[in-house]
Protein chains: 2
Amino acid sequence: MEKLSIVKIGGNIIEDETSLKAFLKLFSNLEGKKILVHGGGKRATLVASKLGIASKMINGRRITDAETLEVITMVYGGLVNKNIVAKLQALNTNAIGLTGADINSIVSDKRPVKEIDFGFVGDVKQVAHESIDKLIQADFTPVFCAITHDGNGQLLNTNADTITSQVAVGMSHLYETSIYYCFELNGVLEDINDKNSVVKHINSKTYSELLEKGIIADGMLPKLENCFDALNNGVSTINMGNTSMLTQENDNFTTITL
Amino acid sequence: MEKLSIVKIGGNIIEDETSLKAFLKLFSNLEGKKILVHGGGKRATLVASKLGIASKMINGRRITDAETLEVITMVYGGLVNKNIVAKLQALNTNAIGLTGADINSIVSDKRPVKEIDFGFVGDVKQVAHESIDKLIQADFTPVFCAITHDGNGQLLNTNADTITSQVAVGMSHLYETSIYYCFELNGVLEDINDKNSVVKHINSKTYSELLEKGIIADGMLPKLENCFDALNNGVSTINMGNTSMLTQENDNFTTITL
């Protein structure tokens, strides 16, 4: 099967013009078929605040009421996504910016209200891998922002990590898929205070050991659970580290396989 | 040659939720291959004003400084475009929202500074009709907002009527193209005070007569010039009227041919 890379970047790269530019160059140089997924949280908070809309967070998760969804649609779907697309075009990457509503690519269910009403937040239900592949086969590079839809006209704010893993799982029907989660750390760290103590390889067996030792905890725990979920559903390899893992020169990042 | 319809809607339809819903139903029911182009001016003005950015207009044209371009990218490319796409999906039209940066579809030159500096405004230079056709051939329905790019990473605010005619001219290499300009009038009017005095057909010959009689003047003049320019460059038919011209039931609109 042909290879496909799915790269996810977070707010820290998007916020900083220099980091974004450097990253987009690395992404453009990445060989083979590829997909980019981006968040954009801080910028949305900033625009919301300028518009006099208070950002409501519970346990680090944004509560998306109707006016917050409008801001997210403007910032993720418009400002961030279209500027990334224009910058990629300047680097000769034939990008196409998408939400999950475009070509019906990602359908979600609005999260059911339990203890917390998260508002217009989506849990991914279905990825139209064949439609996404039509774009890839046409030599376009999909750039997804963190918005999906319910198929009935409602856009939904959706976690970018989840979009990444679900799109990767979907595309695994057609490609040998690798995920690259770019974040501020060099990878999963043996010692959280030593940024160079990267655990280079994790598999199902060593994962259990890392869990027992308490090395994977807190915010890393749901990320890793999400990773193994994707691997169990067809994704070949998942890499976590800073953006330089996209080059051949850096091998100091974490690779996760089954 | 196969037929392709390019439909343009303006701010008056987008602003009003009921009008937009009714229009999108008509557009979805329109048979054959099609493209939608939308503006969104008033909404941008509203968001800009909420953000404390004054809208600068000279002779009815928006001056697009850097922060105004950000608002336009948020509102046209995000809020308006993605909501239209989600609503079309709910009507089983497999829409894909685009700026001219996406798939490098529309490249513009930043308008040169003469008496007036329009700022980040683009004059269309090139339409990638073959790339756009890849989407159409994949059974996707392109939905363009009024933003293009310069190919060097810069997004540019671009007149939606111009985008419509230039995309139509480009697609005329591959299709028999018809434009539908939906606006608040029933068509070109013989008597501006009688909304039913529609001039049903205009061609090059009758156009000269209408000009002499002063029936085509003011805001209608550049619109019609733009139409004949498109017709001279390959577009087959241009229709102007209210949205009901998209149905078979209404024949009270203006059709323009060479």
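**Reading a sheet through A:H38**

User: In β8(A), which residue is the bridge partner of A:H38?

Analyst: A:H38 is partnered by A:C145 in β8(A). The model is predicted, so local features need pLDDT of at least 70 and side-chain atom pairs pLDDT 80 or more, while totals for chains, interfaces and linings use all residues. Residues are numbered from 1 along each chain as its sequence is written, chains are lettered from A and ligands numbered from 1 in the order written, and side-chain values use heavy atoms, without hydrogens and water.

User: How many bridges pair β2(A) with β8(A)?

Analyst: Strands are DSSP runs of E, at least two residues, numbered from the N terminus, and two strands pair if DSSP finds at least two bridges between them. β2(A) and β8(A) have three, in the parallel sense. β2(A) is also joined to β1(A), residues 3–9, by six bridges, and these two run parallel. There A:I9 stands opposite A:H38.

User: Why is β2(A) called largely enclosed?

Analyst: Buried means under 20% relative accessible area, exposed over 50%, and partly exposed in between (1.4 Å probe, protein chains only). Six of the six residues of β2(A), 33–38, are buried, so the rest of the structure largely encloses this strand. A:K33, A:I35 and A:V37 point one way and A:K34, A:L36 and A:H38 the other.

User: Which strands are at the edges of the sheet?

Analyst: The open sheet has eight strands with mixed pairing, in the order β5-β8-β2-β1-β11-β13-β14-β12 (chain A). Its edges are β5 (95–98) and β12 (201–202), each pairing on one side only. β5(A) pairs with β8(A), residues 141–145, in the parallel sense over four bridges; A:A95 stands opposite A:T141.
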